Amino acid sequence: MRRADHHPSRRTFLDVTGAMMAAGLTAGCTSDSARPGRHAPAAGATPMPVPATGRHQAGITLPQPAQPNLLAVVADLDPTAAPGPLLAELGQAVRALTAGTDTRLLGLPPGDLTVTVGVGPRLVRTAGASLPGAADLPRFSRERIAPHARGGDLLIQICASDALLLPVVAAALLDHAGDRVRERWRQSARRGANVSVGDGLTAPRNPLGFIDGIVGPHTAAEQERDLWLAGPPSVAGGTLAVLRRMELDLPRFAALSVAEQEAVFGRRRASGVPLSGGTAASGPALGAKTPDGRYLVPADAHVRRAHATVVGVGLMLRRSYSTDQPAPGLLFISFQNDLRTFTATLTHMETSDALLSFTTTTASATFLILPGFDRQRPLGSQLFG
């Protein structure tokens with residue numbers, strides 16, 4: 001496989017035990033606000049397996065709550081390679097890895113391992129220029145992105161409760177792909193502990209100490225409306241993902257008083273309750289004012305600038321993970337069935353969002369997360385045949 005010099009695939013696979021020793025990860029792979037479900041393991045229990053096949057790929061809304069570890073790998077496909085056969089093979093490998101029948105797991109039990117695969121705009125355009133996922137992300141302010149960290153043809157998102165699985169599974173899948181792909185960048189990240197936010201929902205804290213991802217399409221009806229693609233048939237059951245890796249100015253944010261930090265977000269740091277009152281899950285009352293006419297949720301607060309109703313878009317399934325390398329920061333992933341949900345939101349935030357002044361984006365990409373698959377319907381077959 002042709003990969004970036006610092007990630008040789010076969011060597012990584014042969015030396016994977018060394019990589020496992022270095023893997024101290026804890027980031028999640030379902031929605032930040034999750035309802036505890038049948039896949040949630042009790043403390044110390046063996047995680048329940050997550051089916052790899054079905055209408056949707058695993059690792060988006062299942063399992064709930066999310067696994068604690070994430071590794072995202074972004075790669076390019078060789079121009080001479082056909083995407084259809086590669087994706088079908090990757091789907092077979094994912095089934096074997098999650099079932100624990102692939103010897104490249106090195107004896108590790110898969111537990112709640114999920115692998116989610118997406119394709120970038122260049123590949124989508126080869127199947128149809130008007131398809132969802134064919135558009136590249138525009139450029140935004142506060143970006144410092146090297147060429148290799150912008151865009152990409154292939155996303156492999158690996159999630160598990162056992163951090164040792166992440167480099168093992170990545171090495172197996174990339175070795176399987178061989179010279180057909182070349183890695184651009186990868187990011188491991190960790191998810192904060194879940195906090196109850198009411199209505200049976202939980203959400204993790206982000207690296208700035210605030211509960212993150214409270215608002216999102218959590219019910220089946222909301223997910224059908226705002227998360228899953230309904231058509232055309234070649235993409236139905238998939239979704240669109242946006243990845244943004246950011247450096248955070250943690251010292252400057254930490255120097256603020258708690259009240260100033262809460263004004264940046266528009267929520268209480270300890271509980272996630274909006275500054276307008278109520279409960280964390282109930283959402284902010286954006287029109288609420290003090291007796292002297294000031295908004296309880298400041299005009300430049302993040303919850304106001306990013307509010308779906310204010311922007312005029314649907315809900316996005318948002319996840320934020322803490323990162324240590326290449327710098328302390330955050331890996332943001334959102335899933336939505338319309339890319340404008342993300343682009344319009346960030347455009348609205350750029351005009352006046354107090355949170356953005358503490359962030360610098362260093363990697364960015366968007367992908368069509370392929371519909372679910374099974375033995376009769378290989379991964380990617382609806383789109384690429």
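Biologist: At 1% relative accessibility, does phenylalanine 210 count as buried or exposed, and why?

Modeller: A residue is called buried when its relative accessible area is under 20%. In this predicted model, phenylalanine 210 has a relative accessibility of 1%, and therefore counts as buried.

Biologist: How many aromatic pairs are there, and which kind do phenylalanine 210 and phenylalanine 265 form?

Modeller: The count comes to six aromatic pairs. Phenylalanine 210 and phenylalanine 265 form a stacked pair, with 4.2 Å from centre to centre and 15 degrees between the planes. Because phenylalanine 210 lies in the loop between strand S6 (201-204) and helix H6 (220-226), while phenylalanine 265 belongs to helix H8 (residues 258-265), the pair ties together parts that are 55 residues apart in sequence. Phenylalanine 265 is also buried, at a relative accessible area of 7%.

Biologist: What is the arrangement of phenylalanine 332 and phenylalanine 342?

Modeller: Planes under 30 degrees apart count as stacked and those over 60 as edge-to-face, the rest being tilted. The planes of phenylalanine 332 and phenylalanine 342 stand at 35 degrees, with the ring centres 6.1 Å apart, so this pair is tilted. Phenylalanine 332 lies in strand S9 (residues 329-336) and phenylalanine 342 in helix H11 (residues 339-351), so the pair ties together parts ten residues apart in sequence. Phenylalanine 332 is buried at 12% relative accessibility, and phenylalanine 342 is buried at 6%.

Biologist: Which residues do ring pairs link into a cluster?

Modeller: The cluster is made of Phe210, Phe253, Phe265 and Phe358.

Biologist: Which charged residue lies over the face of tyrosine 295 at 4.4 Å from the ring centre, and which has its charged end 4.9 Å from that centre?

Modeller: Arginine 304 is the residue at 4.4 Å, whereas the charged end of lysine 289 sits over the ring of tyrosine 295 at 4.9 Å from its centre.

Biologist: What span should the 17 residues of helix H3 have?

Modeller: The expected span is 1.5 Å times one less than the number of residues. For helix H3 (residues 83-99) this gives 24 Å, which agrees with the 24 Å between its end C-alpha atoms. The buried residues of H3 include Leu86, Leu90 and Arg95, and just after H3 glycine 100 takes a positive phi of about 80 degrees.

Biologist: How many residues does the largest nonpolar core have?

Modeller: In soluble globular proteins, nonpolar side chains tend to be buried together. Here the largest nonpolar core has 66 residues, and those with the most contacts inside it are Val115, Val119, Ile158, Val169 and Leu173. Helix H5 (residues 165-177) gives the most to this core, with nine residues. Another core, of 23 residues, lies apart from it and has Cys159, Leu317, Phe335 and Phe367 among them.

Definitions and conventions:
Residues numbered from 1 in each chain as written. Predicted model: local features only at pLDDT ≥ 70, side-chain atom pairs only at ≥ 80, totals over all residues. Heavy atoms only, no water. Phe/Tyr/Trp six-rings, centres within 6.5 Å; stacked < 30°, edge-to-face > 60°. Helix = DSSP H or I, 4+ residues; strand = E, 2+ residues; numbered from the N terminus. Buried < 20%, exposed > 50% of the residue type's maximum accessible area, 1.4 Å probe, protein only. Lys NZ or Arg CZ within 6 Å of the ring centre and 35° of its normal. Core = buried A, V, L, I, M, F, W, Y, C linked by side-chain atoms within 4.5 Å.
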